[in-house]
Amino acid sequence: MSALLSVNELSRSFGGIKAVAGVGLSVDQGEIVGLVGPNGAGKTTLFNLITGTLKPDAGQVVFGGRRLVAGEPGANARLGLARSFQQATTIADLSVRAHLERAAVFPALGRPSFLLRRSAVMAVRERAAATVQEILVFAGLDRVAEESADALPYGLQKILGVAMALATGPKMLLADEPAAGLNGAETLVMEALLRRIRDTRGIALMVIEHDVPLVMRLSDRIVALAHGTVIAEGKPAEVRADRAFIEAYLGGEADFGAASGPEGEAHAA
């Protein structure tokens with residue numbers, strides 16, 4: 001079976017500095033892949049290249065058997081490649097439900113039939129309403145559905161960001177530091193949500209995360225970056241024991257907290 005996502009020799013430089021240098025990786029349908037590495041390793045740049053926000057200097061991205069177009073993140077998202085961001089972003093005075101409604105109609109945007117035919121508009125809105133209600137319950141946001149999103153606690157704003165990506169109906173979700181800024185209890189809620197997205201919907205995930213215990217628990221496979229290149233790849237236990245990974249993170253000291261248990265709340269920078 002071919003991979004859902006294939007990244008082939010992807011490279012991008014900024015001012016002579018190689019942020020991503022010949023990276024190759026793949027993600028299968030329904031797989032959770034953790035993308036880890038110290039600050040400046042090239043993780044977010046790689047996400048930007050995969051989604052089409054940035055154009056690569058070399059290499060290509062294939063998603064669902066189709067080569068993605070660089071510079072066209074909206075078109076790539078409509079193919080089923082969704083993304084959530086490190087920082088929670090909300091629109092002032094817009095309810096949680098309204099945020100999800102905007103995300104749910106996104107796949108239909110840009111189609112002439114959607115813009116010109118009233119029946120198409122009504123059908124999309126009806127489907128979006130049903131999708132939104134289901135996702136509100138799924139993500140545990142139904143009790144705050146009518147509240148202004150920018151007034152929510154930060155942990156719920158981060159949940160909303162993931163839920164908005166989910167509302168677009170993706171085949172794969174790229175989550176950029178979903179646990180950043182969360183406390184221990186909020187991190188466990190986020191972990192459970194990401195796991196349910198895969199387990200109940202079959203959606204593949206690639207997760208950037210500095211919380212090493214979290215990503216080790218969550219992922220089927222880990223890809224570790226340093227200086228824009230892949231330095232280790234494999235099952236969590238294999239990467240955790242890899243000397244290059246240990247050196248990149250902790251200067252040779254292999255201590256990643258409670259990496260194997262759900263109670264762990266340790267964070268590695």
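## Terms and basis of the model

Two strands are taken as paired if DSSP finds at least two bridges between them. Strands (E, at least two residues) and helices (H or I, at least four) are DSSP runs, numbered from the N terminus. The structure is a predicted model, in which local features need pLDDT of at least 70 and side-chain atom pairs count only at pLDDT 80 or more, while totals for chains, interfaces and linings use all residues. Residues are numbered from 1 along each chain as its sequence is written, and side-chain values use heavy atoms, with hydrogens and water left out.

## Overall composition

The protein contains ten helices and ten strands. Of its 269 residues, 51% count as buried, that is, under 20% relative accessible area with a 1.4 Å probe and protein chains only; exposed means over 50%, and partly exposed lies in between. Contacts are defined by heavy atoms within 4.5 Å. Among those between residues at least 6 apart in sequence, 67% join residues at least 24 apart.

Six strands form an open sheet of mixed pairing, in the order 6-7-8-3-9-10. Strand 6 (81–84) and strand 10 (229–234) are the edge strands, each pairing on one side only. On average, neighbouring strands of this sheet are turned by 20° against each other, direction ignored.

Strand 6 runs parallel to strand 7 (residues 172–176), and four bridges join the two. Leu81 has Met172 of strand 7 as its bridge partner.

## Helix 6

Helix 6 (residues 154–167) packs on the sheet, where it touches strand 6 and strand 7; its direction makes about 170° with that of strand 6. Such angles run from 0 to 180 degrees between N-to-C directions, with axes fitted to C-alpha atoms, for helices over the stretch in contact.

Eleven of the 14 residues of helix 6 are buried, so the helix is largely enclosed by the rest of the structure. Among them are Leu156, Ile159, Leu160, Val162 and Leu166, as well as Gln157 and Lys158. Gly169, which has a positive phi near 75°, follows helix 6.

## Positive phi outside glycine

Asp93 is not a glycine, yet has a positive phi of about 65°. Asp93 lies in the loop between strand 6 and helix 3 (96–105) and is exposed, with a relative accessible area of 71%.

Glu177 likewise has a positive phi, near 50°. Glu177 is placed in the loop between strand 7 and helix 7 (184–201) and is buried, with a relative accessible area of 11%.
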